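Subject: Structure handover

Dear colleague,

My notes on what was found in it follow.

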Amino acid sequence: MTSKNTSISTHDLHCQFGEVRAVDGITFEVQTDTLFGFLGPNGAGKTTTIRLLLGLLEASSGSAEVLGFDTRTQADQIRLNCGALLEQTGLYERLSAEDNLDLFGRIWHIPATERAERIRSLLEKMGLYDRRKEMVNTWSRGMKQKLAVVRTLMHNPKLVFLDEPTDGLDPVAAASLRDDLVDLARQHGVTVFLTTHNLAEAEKICDQVAVINKGKLLTVGSPDDLRLRKSAHTLIVVGRGFSESVVTDLRAMPDVEAVELQDRHLVVHFKRETDSGNLVQFLAGKGVMIDEVRKGKASLEEAFLALLEEQA
Ligand SMILES: Nc1ncnc2c1ncn2[C@@H]1O[C@H](COP(=O)(O)OP(=O)(O)O)[C@@H](O)[C@H]1O
Ligand SMILES: [Mg+2]
């Protein structure tokens with residue numbers, strides 16, 4: 001049973017299309033009020049997972065609960081309480097922004113006064129209020145995408161699914177939408193489940209990330225957790241007295257993947273997690289004066305690529 005603090009929980013969820021295992025036994029939880037990033041390359045199974053969670057697709061096996069509702073039997077409740085932006089924006093291009101939102105507000109049976117107030121406050125937050133009378137087909141892709149996000153929030157959902165919301169936006173528009181997403185999540189107390197193949201994006205805004213590839217979940221944790229796991233493989237030594245022979249000897253060691261020497265910094269990449277003791281001993285034996293030893297900081301992207309490699 002999903003607890004109050006858990007917005008999504010899946011248990012050994014599978015979805016197969018013919019021979020393709022689009023989702024291959026994933027188990028994870030999303031805590032309420034987090035901005036959760038679901039990361040993976042194209043074809044990893046991200047959209048399929050969202051469709052399963054919204055009850056738009058039936059799982060081949062396993063189970064999932066969203067806001068405490070079973071995706072198999074209570075999909076109506078899930079769709080009532082969640083917002084979703086999938087590949088299509090769902091906007092009417094020939095209506096104004098305001099009329100689009102008003103229409104969706106009516107579909108959700110939001111009373112007129114509340115509807116107008118909600119449209120105003122959401123559009124203001126997105127910096128689009130002054131342009132509300134303009135027809136959507138005259139808008140830039142970035143503005144449309146913001147409006148599409150506003151649409152998903154019209155009925156005050158507790159949880160929104162955003163499938164690659166910044167895909168295809170230029171960097172400025174993407175950054176602006178990201179800022180808005182963070183603000184909205186914080187101010188409205190909305191839990192956000194966002195898919196992306198953009199690691200830098202996830203690193204900037206997500207509290208928690210899961211990495212999926214070929215339908216399998218490779219890891220779940222904070223971006224920092226992931227970076228640290230990878231960075232345990234790299235040690236940086238700051239010191240004096242490094243020689244070419246030190247570098248050559250290190251490179252020949254079975255656990256060492258690569259060595260770089262830049263001025264007073266020696267960077268050693270190991271094949272597996274390593275503590276610094278052996279390295280320090282070795283360097284001291286070679287007459288190196290060591291000022292500092294620290295773990296290297298991997299970017300989320302490096303951690304992500306390392307995970308994909310481990311799986312391959
Ligand atoms: N309706 C479908 N019919 C057959 N195969 C599908 C269908 N939807 C997705 N797939 C396949 O499932 C895999 C995962 O797709 P998808 O969930 O769309 O990935 P992502 O969103 O991560 O790019 C892909 O190999 C895709 O071709
Ligand atoms: Mg997709």
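For the residue classes used here, Ala, Val, Leu, Ile, Met, Phe, Trp, Tyr, Cys and Pro count as nonpolar, Asp, Glu, Lys and Arg as charged, and the others, Gly among them, as polar. Please keep in mind that this is a predicted model.

Ligand site

By those classes, the shell around ligand 1 has four nonpolar residues, six polar and one charged. Its members are Phe-17, Val-20, Ala-22, Gly-40, Asn-42, Gly-43, Ala-44, Gly-45, Lys-46, Thr-47 and Thr-48. Two elements, strand 2 (20–31) and helix 1 (46–53), each contribute at least two residues to this shell. Helix 1 gives the most, with three residues.

Domains

The chain is split into domain 1 (6–221) and domain 2 (228–311). Their centres, taken over C-alpha atoms, are 41 Å apart. Nine residues of domain 1 and six residues of domain 2 take part in the contact. On the side of domain 1 that touches domain 2, helix 7 (199–205), strand 9 (208–213) and strand 10 (216–221) are the elements that give two or more residues. Helix 7 has the largest share of that side, four residues. In terms of class, the side of domain 1 that touches domain 2 consists of six nonpolar, two polar and one charged residues.

An open sheet is built from four strands in the order 12-13-11-14, with antiparallel pairing. At its edges are strand 12 (256–262) and strand 14 (289–295), each of which pairs on one side only. On average, neighbouring strands of this sheet are turned by 20° against each other, direction ignored.

Strand 11 (residues 234–240) and strand 14 run antiparallel and are joined by six bridges. Which residue of strand 14 stands opposite Val-238? That residue is Glu-292.

Helix 10 (residues 277–285) lies across strand 11, strand 13 and strand 14, and runs at about 160° to strand 14.

Regards

Conventions. Residues are numbered from 1 along each chain as its sequence is written. Chains are lettered from A and ligands numbered from 1 in the order in which they are written. This is a predicted model: local features need pLDDT of at least 70, side-chain atom pairs count only at pLDDT 80 or more; totals for chains, interfaces and linings use all residues. A residue is near a molecule or strand if its C-beta atom, placed from the backbone, lies within 6 Å of it. Domain bounds come from an automatic or database domain assignment. Two residues are in contact if their C-beta atoms, placed from the backbone, lie within 7 Å. Two strands pair if DSSP finds at least two bridges between them. Axes are lines fitted to C-alpha atoms, for helices over the stretch in contact, and angles run from 0 to 180 degrees between N-to-C directions.
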